[in-house]
Amino acid sequence: MTVRVTRTFEFDRPPEDVWAFIADPEKRAAAISVVEDYDVDPDDDRKATWHVALPIPVIRSTVPVETEDVARDAPRYVKFVGRSRALRVTGEHTVEETEGGSRLVNEFVVDGSLPGVERFFKRNFDRELDNLERALRREMAEAEN
């Protein structure tokens, strides 16, 4: 079973401000609660390893998820793919200009390779997207001050 989710956030900030956050692999990783640690490739800022702790019985430690931005169209679109023995995740973020600021459309797809992975994401995707939105709003508020 594949888990898919789409969520849209509205901001009263210009698209460039949203882009500065969402195009940064480190900032995206830090916003996700199951990412315990992450390493951005020092030679290629489009690649990062997420060390994911999934609370499911078949996983007893963190799982390294090798992520890579496979498409970028600044300041409008970024797509990343993450691969590991436990799952494959694809995330797409589209930044659109609106009358009062910008809109961020987030689309995620998770294919689990181990039992329980997809069930975990089906139950927790909304919470993880709430985390992403909070982190983005917090960064924008800090930038204003």
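Two strands count as paired if DSSP finds at least two bridges between them. Helices (H or I, at least four residues) and strands (E, at least two) are DSSP runs, numbered from the N terminus. This is a predicted model, in which local features need pLDDT of at least 70 and side-chain atom pairs count only at pLDDT 80 or more, while totals for chains, interfaces and linings use all residues. Residues are numbered from 1 along each chain as its sequence is written, and side-chain values use heavy atoms, with hydrogens and water left out.

View 1. From the N terminus, the elements run β-α-α-β-β-β-β-β-β-α. The C-alpha atoms fill a box of roughly 45 × 35 × 25 Å along the principal axes. The radius of gyration is 15 Å, which agrees with the value near 15 Å for a compact globule of 145 residues. That radius is taken over C-alpha atoms, and the globule rule is 2.2 Å times the number of residues to the power 0.38.

**View 2. Strand S7 pairs with S1 and with S6.** S1 and S7 are antiparallel, with ten bridges. Thr6 has Glu107 of S7 as its bridge partner. S6 and S7 also run antiparallel, joined by twelve bridges. Here Gly91 is bridged to Phe108 in S7. Two residues separate S6 from S7 in a hairpin.

**View 3. The largest nonpolar core holds 40 residues.** Such a core is a set of buried Ala, Val, Leu, Ile, Met, Phe, Trp, Tyr and Cys residues joined through side-chain atoms within 4.5 Å. Buried means under 20% relative accessible area, exposed over 50%, partly exposed in between (1.4 Å probe, protein chains only). Residues with the most contacts inside this core include Ile22, Trp50, Leu54 and Phe121. Elements that give two or more residues to the core include strand S1 (2–11), helix H1 (15–22) and helix H3 (117–144). H3 supplies the largest share, nine residues.

**View 4. Leu54 touches Val34, Ile59, Leu87, Val117, Phe120 and Phe121.** This list leaves out residues up to four places away in sequence. Contact means heavy atoms within 4.5 Å.

**View 5. Ser84 sits in the loop between strand S5 (77–83) and strand S6 (87–98).** Its side chain reaches the backbone nitrogen of Ala86 at 3.1 Å. Neighbours within four places in sequence aside, Ser84 is in contact with Val63, Pro64 and Val65.

Key:
Polar contact = N/O pair within 3.5 Å; in protein donor to acceptor, adjacent residues only side chain to side chain.
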